[in-house]
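Trainee: I'm new to this one. Could you walk me through how its features get their labels?

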Amino acid sequence: GRVLLQFNRAVNLLYRLSLAGKQPPWVAQWLDQGKPTSLLDLQRSPVLKNEVPRVIRPDLLLTETGYVITELDSVPGGIGLTAWLGRTYAECPHRQASPCAPDEPAQGQKAAPTGWAILGGANGMSDGFRGIFGDAPHVHIVVSEESAGYRPEMEWLATELGSDRFHVRDSRFTGFGAGDAVYRFFELFDLPNVANAQAIFDLARSRQLRLTPPPKPLFEEKLLFALLWNRNLRGFWRQELGEGFFERLLRRVPYTWVVDPTPLPPHAAIPELNLTDWRQLQALSQRDRDLILKVSGYAATAWGARGVWLGSDLSAGDWGAAVERALAAFPQSPHVLQRYHKPAQQEAFWFDFTQDRLVPMPGRIRLCPYYFVTGEGDAARARLGGVLATVCPADKKIIHGMADAIMAPCAT
């Protein structure tokens, strides 16, 4: 949490320095591409100068050699769900004999622990979410139609936190009071469908409303990890993150490139790939296509698994078509390429209520820790509220958007 909070602060600074000509101009150009002028003006507003997301949720994949951070989500779903799961599992009357595994472990498996505690605490998610709004008299959780599937979990959370202070609103609500806070549960690409977005932004800009996540599209871009890996920025990252944090991120973040179709000089090559043109990706063998291609951000396909392609899982024709689409989309919706780290296979169990028994399911795991940022300026701290584990069937290559999966809170 400390590392990712500092990374967000550094990204925010890098963007501002790029605009000011004190860092390479292509940084801001990449981050601004395809965004409307009104949104860029808001992102550059002096009032929002130092604002960073107050909920940080990385997506971690468990591999044979440890975990990797595939992306960061600054408008994450699952907050209410993880809060409910943590509370429910913590209150489970049989938790001394773990309900998450059979009483008798299979051969070669470790026995379940005899006692465990929810990571972040039974109320860690709800306490963490409450803490990001300070002393605001009312907190309005504005959920768009695009995000309507998450409305029930946020309604449950608001009730738990106190419906006299926490309220779930739709895009028609405009009764915000001075000093109130708004949790923005809508994506910035979807603003034309969020009628009250402009009113919210105007109130935030005039300091009458506390708004998080801030309306800064740079934090919704997956190409931030490409900036982390760019050698031209090594000095900046070392200075702003510190050597320890910087090296820690490089060990955990897959190598990431921005798929920029700008021609290279004849003697130049794309680092790590040793290609001289992005179209040469199409000629790679299936073994060499262990690469993920995905939309960076600010697009309807940039969340879930809708804008993600795994090269080794596609035919040569389909992979080539995905590469061509990414190159053509660059001016409006830049894409990134990322090394694919295959999640390790784990044995998990789910409870079948019709048969009244635990059922084994080999799966691959994504972990989503939720960090809540409280305090201001240098005194701000990122606190772990909880961790959601999603176990997808072992035959799935991309762990996202599954119809069937096990979801549970993490415990120690």
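Trainee: What makes helix H9 (residues 234-252) fall short of a straight helix?
Mentor: Helix H9 has 19 residues, and a straight helix would reach 27 Å at 1.5 Å a residue, but its end C-alpha atoms are only 16 Å apart. The expected span is 1.5 Å times one less than the number of residues. There's a kink of about 110° in H9, centred on Gly-242; the bend is the angle between axes fitted to the seven residues ending at a residue and the seven starting there. Bear in mind that this is a predicted model, where local features need pLDDT of at least 70, side-chain atom pairs count only at pLDDT 80 or more, and totals for chains, interfaces and linings use all residues. Residues are numbered from 1 along each chain as its sequence is written, and side-chain values use heavy atoms, with hydrogens and water left out.

Trainee: How do you know that the span of helix H1 (residues 2-19) agrees with what it should be?
Mentor: Its 18 residues should span 26 Å, and the end C-alpha atoms are 26 Å apart, so the two agree.

Trainee: Why is strand S13 (residues 381-393) called largely enclosed?
Mentor: Buried means under 20% relative accessible area, exposed over 50%, partly exposed in between (1.4 Å probe, protein chains only). Ten of the 13 residues of S13 are buried, so the rest of the structure largely encloses this strand.

Methods
Helices (H or I, at least four residues) and strands (E, at least two) are DSSP runs, numbered from the N terminus.
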